[in-house]
Amino acid sequence: MASSAPRMAPRGRRKCPFPSRRFPALLLAALVLLLSSFSGETCPYLGDPLNGQAILANGTYEFGYQIHFICNEGYYLIGKEILYCELKGSVAIWSGKPPICEKVLCTPPPKIKNGKHTFSEVEVFEYLDAVTYSCDPAPGPDPFALIGESTIYCGDNSVWSHAAPECKVVKCRFPVVKNGKQISGFGKKFYYKATVMFECDKGFYLTGSDTIVCDSNSTWDPPVPKCLKVSTSPTTKSPTSSASGPRPTYKPPVSNYPGYPKPEEGILDSLDDWVIALIVIAIVVGVAVICVVLYGYLQRRKKKGKADGGAEYATYQTTSTAPAEQRG
C-alpha cells in the first residue's frame, strides 16, 4: 500500500559565498587597495649633508623610493650611501640614519734613508697637501740620486699619491762600443739618468739602440749597442755576432751605411767604367784595322814585285834567242 506521508525533498549543497574562480581577482583588488592606501605616505625631508649632496633617485620622498648621498671633493662618506623610504606600521620612515661627509686627512708621509721631506713637523695633512723629498749630501765622492717621485700629495681615501722615493748612489760603467764612437753625453762618470749616443765607424752598422740611459740599478737601459761589419756579398746572409743579445730586427740597405757611396755616385761610377771600356775597345779595334790595312798593303807590294820580275825575265829571254844577224 502506498504511503500517504508526504515525501521529503532531497537536501541540496550549500553554495559558497566566494566562488573559487572569483577569489584571486578579489585578492588582487584587496592588495591594490592596500597599497593605494599607503601611496600618500612620505618620508621626512632630508637635506644635503654638510660638504655633500642628497639626491632623490625618483624626485620624491614617497614610500618605496630611495635617496643617494655623495660628498664633495676632499671629503669622504661615513655611513650608508643609499637610504630607502620604508613603512614601519603605518608610518613612512627612512631605512637608516643619513651619512656625514668627513674631510680627507693623511698621516705624515714615510721617512726615507739618506734623505728627508718638507713639512716634517706637521702631524696631519689635509686633502691635496704636498711634500717634496730631497737627498742628503753623500759621504763619498759620488752623490746620492733621488729615485722615484720627488713630490707626493695627500689623495683620496687618505692615501698618498705615490710611494716615497729613495736616495742611493747610482753609477753606470763607462760605455764602450767596438768599431764605433760616442757622439754625445761625454763625461768621466755616468750617474742616474745620464744619456749617451753612439754611431758606428765606416763599414759597420749599429745593432741595438743608438741612445742609452743610466738606470736606477746602475745599468744602461737599453743595453750598450754593438757595431757589426757590413757584408757586401749578395749571397751572404745578415751578419751575426758571437756575443749574446738581440739581433737587429731591421738591417738598413748597404747604401745607407756611413761612407758608402750614394745611389747617384754608384751610377756615375758605372758610367765611368763603361766609358773606359768603350775607349779600350775602340783602341783595340783601331789597332786591328791598322794591322789589316798594313798587311793588305804589304801583300799588294809583294805581288807587284813578282809581276815586275817576271816581265824583265821574259824580255831577257826574247833578246837572248833572237838570230845573230838580226842582232848585228
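Within strand S10, Cys135 is the bridge partner of Gly115. This is a predicted model, in which local features need pLDDT of at least 70 and side-chain atom pairs count only at pLDDT 80 or more, while totals for chains, interfaces and linings use all residues. Residues are numbered from 1 along each chain as its sequence is written, and side-chain values use heavy atoms, with hydrogens and water left out.

- The pairing of Gly115 with Cys135 belongs to a set of three bridges that join S8 to S10, two strands that run antiparallel; strands here are DSSP runs of type E with at least two residues, and helices are runs of type H or I with at least four, numbered from the N terminus.
- These strands are part of an open sheet of three strands in the order S8-S10-S12, with antiparallel pairing, where two strands count as paired if DSSP finds at least two bridges between them.
- Strand S8 (115-117) and strand S12 (151-153) stand at the edges and have a single partner strand each, so one side of each is left without a neighbour in the sheet.
- On average, neighbouring strands of this sheet are turned by 20 degrees against each other, direction ignored; the axes are lines fitted to C-alpha atoms, for helices over the stretch in contact, and angles run from 0 to 180 degrees between N-to-C directions.

**The four-strand sheet**

- Another open sheet is formed by four strands in the order S1-S2-S4-S5, and its pairing is antiparallel.
- Its edge strands are strand S1 (52-56) and strand S5 (91-94), each of which pairs on one side only, and the twist averages 25 degrees from one strand to the next.
- Strand S4 (residues 82-88) is joined to S5 by four bridges, and the two run antiparallel; the bridge partner of Lys88 in S5 is Val91.
- Cys71 lies in strand S2 (residues 66-71) and counts as partly exposed because its relative accessibility is 22%, given that buried means under 20% relative accessible area, exposed means over 50%, and partly exposed lies in between (1.4 Å probe, protein chains only).
- The C-alpha atoms of Cys71 and Glu102 are separated by 8.4 Å, although these residues are 31 residues apart along the chain.

**Loops and backbone geometry**

- Most residues other than glycine have a negative phi, and most peptide bonds are trans.
- Phe119, in the loop between S8 and strand S9 (125-126), has a positive phi near 55 degrees, and at 47% relative accessibility it counts as partly exposed.
- Asn179, in the loop between strand S14 (171-172) and strand S15 (180-184), has a positive phi near 65 degrees and is partly exposed, with a relative accessible area of 28%.
- Asp221 and Pro222 are joined by a cis peptide bond with omega of about -10 degrees, and Pro222 is found in the loop between strand S20 (220-221) and strand S21 (226-229).
- Asp142, in the loop between strand S10 (130-135) and strand S11 (145-147), counts as buried at 16% relative accessibility.
- The side chains of Asp142 and Tyr191 are joined by a polar contact of 2.6 Å, a term for a pair of N or O atoms within 3.5 Å; within protein, one must be able to donate a hydrogen and the other to accept it, and residues adjacent in sequence count only if both atoms are side-chain atoms.
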